[in-house]
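Me: I have a structure open and have not looked at it before. Can you walk me through it?
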Amino acid sequence: MRSQLDAAVRHDERYLDLQIKFVRYKSGTPIARYGGRWDRRAKAFVGDASRSMVFEIHGAQVEAILLFDKWLDEHYRGPDPEVLARVREIIEQNLAFDAELGALLGMSELFLTGGRRSGKTFLMEAILCSYAVAVPGAIVWTVVPPEKFLEEPRKVIADDIMPTAWYEYNGSPEFTFYLVNGSQHVLLSGHKPTSLKKGKAALVGLNEAQQIRAESYRNARGATVDAGGFSIVAANPPVAGDIGTWVLEAATQIEMNDRPAAEHVFVDPLLNPHADPRKLLALKSSMTLHDWETQVRGRMLQLPDRVLYTWDRGVNERPAPDFGRITREFLTAWEGDRARWDKLIVIDVQRFPWVAVGIFDIYRDPRAPADPKSGLL
Amino acid sequence: MAKRTSTRRSAARRSRAPAKRSPPAPAKRSLRERIQQQLGDTPIDDSLAAATWMQRALAVVASDVVDSELDDDKKRSEILKIADRMAKLRDIDRLHQAEQTLRGARAQQEEARPGPQMTDDATSLDTAAGEVPTRRGRPPRRALS
């Protein structure tokens, strides 16, 4: 009864402060501001609000908010017709992506990775809510693994981001926050990929994405195409048993500049002022090195059942040199032409962790380019 | 004479008839009654217990089908239908949704939480690096071709 009376009072007020502001932690330097004073009668913003939900954000969180702010600015301005014409040409002629084109596409994916207690979920929900607040009538989705994971984002939104005067939340089975400006923030299960094929959204965020199938992500991304939006992926590095190993591949592709229109922000838990580093360090003695590096430090390492269990593709891999590949000539010069030598295979037989096999190519040595017996491994 | 005999027979038939019949078989109880006897009433205040109760009830139905005089193909078809319904009951999303529905109803009766509080925003957003604009409003709808 009391909540109904409160709701009635809220709805009688014509104006409502509907504004979110991000500032730097400690210094308070403003970073971005969304929304304003909402007029319920005119159903429009009428200037700035005198009060805001103010969020102090740290290190990498600032980088993510600036990326979102830049994207929203471009979103308001709309796409450049020349860029659209160029993209159509590339699709029709099936041309390859290049770095120049990637820069023209804008942002369509934002990956937020890091260890536990780094603030990824809050950051993702803050971006989704900022869009829902700034753009009246917008629809945004939060997608979780099975529905039992809905509680975490719901609590973050209701307890940390949006005051109760801003929305009505109907719980099961819609799990939707209906904002006063007509926007909707929908919480969805990503357990069944097909359930994400229906509907449209401007922004889609995946929480705990390392536990969500790649098919679910693909379908959820499709929902943003009409509005020209983007998707946010908040994930811990996948470990053995997680079905979302695509997150590892995607983050690595971005680090290697091989995934156009995607951004990757590493959210370091050590920079989270609300996480006690003593408690993080205390976890170390009860973990394997791999678990420590991935689950606490947030490093994107290969799964632990691989031989190269500390291999980080983003750090340890680089494009091959442009000196010319001479694998066959090199091996023929050394071994004769008894076989068609294509690769050099190196085997390291060891008892622990497992036998390692490497497949190598030989590149021309620029110091002796004419000598087939000289090469770079 | 004939009349007397006839009368006597008739009387005898009347008196002996009940003795010749087997005692009346107890009426077969309905499926609903048998399930209630075996499993008790349907739990209505706990959705997860209700789902478990439904699974056990379906097992009773399945045993009925196995003992029935249906031909094998029909039995197989009916058992597959029951198995399908049991699988749906075990679906994690459906179970969770049922539980959430119950929790949602309870939560609505509880006092609403206050939520986060707003703070005065009288500070200027003019920074040394330049003004931070406030972004709001619908993006313009543009034809893309």
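Me: Let's start with strands. In which sense do β2(A) and strand β3 of chain A pair, and over how many bridges?
Reply: This is a predicted model. In it, β2(A) and β3(A), the latter covering residues 44-45, pair in the antiparallel sense over 2 bridges.

Me: Which residue is the bridge partner of D39(A) in β3(A)?
Reply: A44(A) is the bridge partner of D39(A) there. The two strands form a hairpin with 4 residues between them, and K43(A) in the turn has a positive phi of about 50 degrees.

Me: And β1(A), how many bridges join that strand to β2(A)?
Reply: 9 bridges, with β1(A) (residues 15-24) and β2(A) running antiparallel. D39(A) turns up again here, as the bridge partner of Y15(A). The hairpin of β1(A) and β2(A) has 5 residues between the strands, and K26(A) takes a positive phi near 75 degrees.

Me: Is β2(A) mostly covered or mostly open?
Reply: Mostly covered: 7 of the 10 residues in β2(A) are buried.

Me: Which strand of chain B does β2(A) pair with?
Reply: β4(B). β2(A), residues 30-39, pairs with β4(B) in the parallel sense over 2 bridges. R33(A) stands opposite T134(B), and Y34(A) stands opposite R135(B).

Me: How many residues are in contact between the two chains overall?
Reply: 32 residues of chain B are in contact with 47 residues of chain A. On the chain B side, the elements giving two or more residues are α5 (92-109), β1 (119-120) and β4 (134-135). The largest share comes from α5(B), with 8 residues.

Me: What is that side of chain B made of, by class?
Reply: The side of chain B that touches chain A has 12 nonpolar, 11 polar and 9 charged residues.

Me: Switching to the inside. Which residues touch the most other members of the largest nonpolar core?
Reply: That core has 81 residues, and those touching the most other members are L112(A), C129(A), Y131(A), V140(A), V143(A), L203(A) and V233(A). α5(A) gives the most to the core, with 11 residues. As general background, nonpolar side chains in soluble globular proteins tend to be buried together.

Me: What does Y131(A) touch?
Reply: Leaving out residues up to four places away in sequence, Y131(A) touches A138(A), V140(A), A202(A) and L203(A).

Me: Now helices. Which residues are buried in α6(A)?
Reply: P153(A), V156(A), I157(A) and I161(A), in a helix that covers residues 151-161. Seen down the axis of α6(A), these buried residues fall within an arc of 95 degrees, so they line one face of the helix. What covers them includes α5 (120-134) and the strands β4 (51-57), β6 (139-144), β8 (176-179) and β9 (184-189) of chain A.

Me: And which ones are buried in α8(A)?
Reply: V247(A), L248(A), A250(A), A251(A) and I254(A), within residues 246-255. The buried residues of α8(A) also line one face, because they fall within an arc of 165 degrees seen down the axis. They pack against β5 (109-114), β11 (230-235) and β12 (262-267) of chain A.

Me: What follows α8(A)?
Reply: N257(A), whose phi is positive, near 55 degrees.

Me: Last thing. What is the mean pLDDT of chain A?
Reply: The mean is 88, and 94% of the residues in chain A reach 70 or more. Over residues 1-5 of chain A the pLDDT is below 50, and that stretch has 2 contacts in the model beyond near neighbours in sequence.

Technical notes: Residues are numbered from 1 along each chain as its sequence is written. Chains are lettered from A and ligands numbered from 1 in the order in which they are written. This is a predicted model: local features need pLDDT of at least 70, side-chain atom pairs count only at pLDDT 80 or more; totals for chains, interfaces and linings use all residues. pLDDT is the predictor's confidence in each residue, from 0 to 100. Two residues are in contact if their C-beta atoms, placed from the backbone, lie within 7 Å. A residue is buried if 20 or more other C-beta atoms lie within 10 Å of its own, exposed if 12 or fewer, and partly exposed in between; C-beta atoms are placed from the backbone. The arc is that of the directions from the helix axis to the C-beta atoms. Ala, Val, Leu, Ile, Met, Phe, Trp, Tyr, Cys and Pro count as nonpolar, Asp, Glu, Lys and Arg as charged, and the others, Gly among them, as polar. Two strands pair if DSSP finds at least two bridges between them. A nonpolar core is a set of buried Ala, Val, Leu, Ile, Met, Phe, Trp, Tyr and Cys residues joined through C-beta atoms within 7 Å.
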